[in-house]
Amino acid sequence: MDAIIMDGQSLRAGSVACVQNIAHPVSLARQVMEKTDHTMIVGEGANLFAKELGIPQVPTDQLVTDIARQQWEEYNKYKRAVNELFDSQLGHDTVGAVAVDSEGNVACATSTGGITAKRVGRVGDSPVIGCGAYADNESAAVSCTGHGEAIMSVTLARTVTFNMEQGASAQAAADKSIAYMKNRVDGTGGVIVVSGEGETGVSFNTRRMPWAVVRDGTIRFGMNPGENFQKDCPKD
């Protein structure tokens, strides 16, 4: 598992990569940010850090679904390439969140299990600051998903905030950054964005990307291109 969290007020971040058997890697990444002088801890070191904090490890069977196991067996059998697996829109998973508080402070977090059939030790964009996520009160908070190598090539999250620093809206910056990644490295992925003023943006060039925005008791959400549904949030 890989994860990152970042505070837009202080520009402090914490991340972990290649950590095993941790149920909530974003929580561990937060501990890196708040309790160490480091930004990223990886592999065995990340697990040792979790042990020091008393964070329990969980059995692999609790973290690997039957569907994920079946996909791995299929891909391993046919020796399909990682790029092909990603283009199939299967075999990868990422969860991201961006938030803004009442004082205009932004933050972001991204977590992933990576892509099926990746090499042992491979790290994608998710835990890399400016790639899988970035937050700066002077622009916005961004979380990314997609083909990790492409996202890292264009530092996608930082590219979104750069475009906003040049005057683009959150939505325009998201669209422009996804288009830039596609044009430069033929990359696919998506971003969610929120500014300190609460302006939001969602953009993706994959077949679908589940997303949701909660504000003032209302939730907007979608998954397929062009979808933008809205309903009231549950009272409780």
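**Briefing on the predicted model**

Helix α6 is followed by G167, whose phi is positive, near 110°. This is a predicted model, in which local features need pLDDT of at least 70 and side-chain atom pairs count only at pLDDT 80 or more, while totals for chains, interfaces and linings use all residues. Residues are numbered from 1 along each chain as its sequence is written, and side-chain values use heavy atoms, with hydrogens and water left out. The chain has 7 helices and 12 strands, where helices (H or I, at least four residues) and strands (E, at least two) are DSSP runs numbered from the N terminus.

**The chain as a whole**

- Of the 236 residues in the chain, 44% are buried, a term that means under 20% relative accessible area, with exposed meaning over 50% and partly exposed in between (1.4 Å probe, protein chains only).
- Among contacts between residues at least 6 apart in sequence, 52% join residues at least 24 apart, contact being defined as heavy atoms within 4.5 Å.

**Helix α6 and its partner α7**

- In α6, 7 of the 10 residues are buried, so this helix is largely enclosed by the rest of the structure.
- The buried residues of α6 are L156, A157, T159, V160, T161, N163 and M164, and they pack against β6, β7, α5 (148-153), α7 and β8.
- Helix α6 (residues 156-165) packs with helix α7 (residues 170-185) at an angle of about 135°, their axes being 8 Å apart. That angle makes α6 oblique to α7. Axes here are lines fitted to C-alpha atoms, for helices over the stretch in contact, and angles run from 0 to 180 degrees between N-to-C directions; those under 35 degrees count as roughly parallel, over 145 as roughly antiparallel, 65 to 115 as roughly perpendicular and the rest as oblique.
- On the α6 side, L156, T159, V160, N163 and M164 take part in the contact, and they meet A170, A173, A174, K176, S177, I178, Y180 and M181 of α7. By class, the contact of α6 with α7 has 9 nonpolar, 3 polar and 1 charged residues, with Ala, Val, Leu, Ile, Met, Phe, Trp, Tyr, Cys and Pro counted as nonpolar, Asp, Glu, Lys and Arg as charged, and the others, Gly among them, as polar.

**The four-stranded sheet**

- An open sheet of 4 strands is arranged in the order β6-β7-β8-β9 with antiparallel pairing, two strands being paired if DSSP finds at least two bridges between them. β6 (133-135) and β9 (200-204) stand at the edges with a single partner strand each, so one side of each is left without a neighbour in the sheet. From one strand to the next, the twist averages 5°.
- β6 and strand β7 (residues 140-146) pair in the antiparallel sense over 3 bridges, and A135 has A141 in β7 as its bridge partner.
- Helix α6 lies across β6, β7 and β8 (189-195) and runs at about 140° to β7. Helix α7 also packs on the sheet, where it touches β8 and β9, and its direction makes about 20° with that of β9.

**Strand β8 within that sheet**

- β8 has 7 of its 7 residues buried, so this strand is largely enclosed by the rest of the structure.
- Both faces of β8 are covered, with G189, V191, V193 and S195 buried on one side and G190, I192 and V194 buried on the other. In a regular strand the side chains alternate between the two faces of the sheet.
- β7 and β8 pair in the antiparallel sense over 7 bridges, and V142 stands opposite V193 in β8.
- β8 and β9 pair in the antiparallel sense over 5 bridges, with G201 in β9 as the bridge partner of V193.
- β8 and β9 form a hairpin with 4 residues between them, and G198 in the turn has a positive phi of about 90°.

**The three-stranded sheet**

- A further open sheet has 3 strands in the order β10-β11-β12, with antiparallel pairing. β10 (211-215) and β12 (229-232) stand at the edges, each with a single partner strand, so one side of each is left without a neighbour in the sheet.
- Strand β11 (residues 218-222) is joined to β12 by 4 bridges, and the two run antiparallel; F221 stands opposite F229 in β12.

**Residue S111**

- S111 lies in strand β5 (residues 106-115) and, at 12% relative accessibility, counts as buried.
- Not counting residues up to four places away in sequence, S111 touches M1, D2, A3, P25, V26, T94 and V95.
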